[in-house]
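Reader: I would like to learn how to read the inside of a protein model. Could we go through one together, step by step?

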Amino acid sequence: MANVHSEALPFPILIGDIGGTNARFSILVDAESKATDFVHVQTADYETIDDAIVDKVFNNPELAKPRSAILAIAGPVDGDEIDLTNCDWIVRPKKMIGELGFDAVLVLNDFEAQALAVASLTDSDREQIGPNAPAVDATRVVLGPGTGLGVAGLLHTQDTWFPVPGEGGHVDIGPRTPRDLEIFPHLVTIEGRVSAEEIISGRGLLHIYNAVCAADGVAPGVNQPKDVTEEGLNGKNAQAAEALELFVTYLGRLAGDLALIFMARGGVFLGGGISPKILPELKKPTFREAFEDKAPHKELMKTIPTFVVTHPQAALAGLASYARTPASYGIATEGRCWRR
């Protein structure tokens, strides 16, 4: 097994972003090449990840046969049979080497890939929210509200980026304002506590909307997160508009908390599927006001930049950056990298 500064994997390299519903694959032919256009797979269409790779990658004459694979999966990496959290696929690196012919397989957590992207994306792949401060090479944080809420830190020291994945999406969120105190009794709880993921995610936006409706004594008019977003953005539904504003507020509060925990002078980056879709709402003063409202450190918070990641395939871009220059990253590969 390689140590923290992992050895380069042999090219061509298959990079894959494997979620519960969708999997995306691309080939990096060598360190200088641009990754191929990604291949999209519905996980439900294939019994195993191996079947999907054979059909969509190996059987595609336009793609180079990969010698290695770097896979980011939505689930904890533990052992050599790695279950995905929200689908039936199991990643078996030893089997991939033995039956598919890979020389090496490295498996990372999906938010490690998001953190790698935050280290490598350019200005054209992100939209600044709030003060126009640069994203300096210093510790960063990435939050990803989407189906769930992913959180990772990205430490920078000795010219090396160190992704720090965790379960920050499950921290407690509490009420602060009189309006919060009216709404919070109606929120969905987990064993009595309001988890960040239950209000800062797709289902979380719907939970906030339902709680606002309950507090106002009105029947909910929509039942899908996308409809709350749409009606909140166009202002047609007062409860949806307030739910969206509260979503942005709570996201700002958590982003500010994480910025303080990591002292993220390099910035806080909002990834995931939701943030780009609500960019107009995030660019209003609400997000930054909540982010900066951290007495006694308000002045410090004003110096920390915030961004929305707009790259459509940020995880693949992060994996490709790592594949090209692994020495630039501190990835602990022990127990997660298998070689022939």
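Reader: What covers the buried residues of helix H11?

Author: Before the answer, please note that this is a predicted model, in which local features need pLDDT of at least 70, side-chain atom pairs count only at pLDDT 80 or more, and totals for chains, interfaces and linings use all residues. Residues are numbered from 1 along each chain as its sequence is written, and side-chain values use heavy atoms, with hydrogens and water left out. Helices (H or I, at least four residues) and strands (E, at least two) are DSSP runs numbered from the N terminus, buried means under 20% relative accessible area, exposed over 50% and partly exposed in between (1.4 Å probe, protein chains only), and contact means heavy atoms within 4.5 Å. Here the cover of H11 includes strands S1 (13-18), S2 (22-28), S4 (68-73), S7 (104-109) and S13 (306-309), together with helix H3 (110-120).

Reader: Why is H11 described as largely enclosed by the rest of the structure?

Author: Ten of the eleven residues of H11 (residues 314-324) are buried, so the helix is largely enclosed; among the buried ones are Leu316, Ser321 and Tyr322.

Reader: How do I read an aromatic pair, and which residues form one that is stacked?

Author: Rings of Phe, Tyr and Trp (its six-membered ring) pair if their centres lie within 6.5 Å, and planes under 30 degrees apart count as stacked, over 60 as edge-to-face and the rest as tilted. The whole structure holds five aromatic pairs; in one of them, Phe269 and Phe307 are stacked at 4.8 Å centre to centre, with 20° between the planes. This pair links distant parts of the chain, since Phe269 lies in strand S12 and Phe307 in strand S13, 38 residues apart, and both residues are buried.
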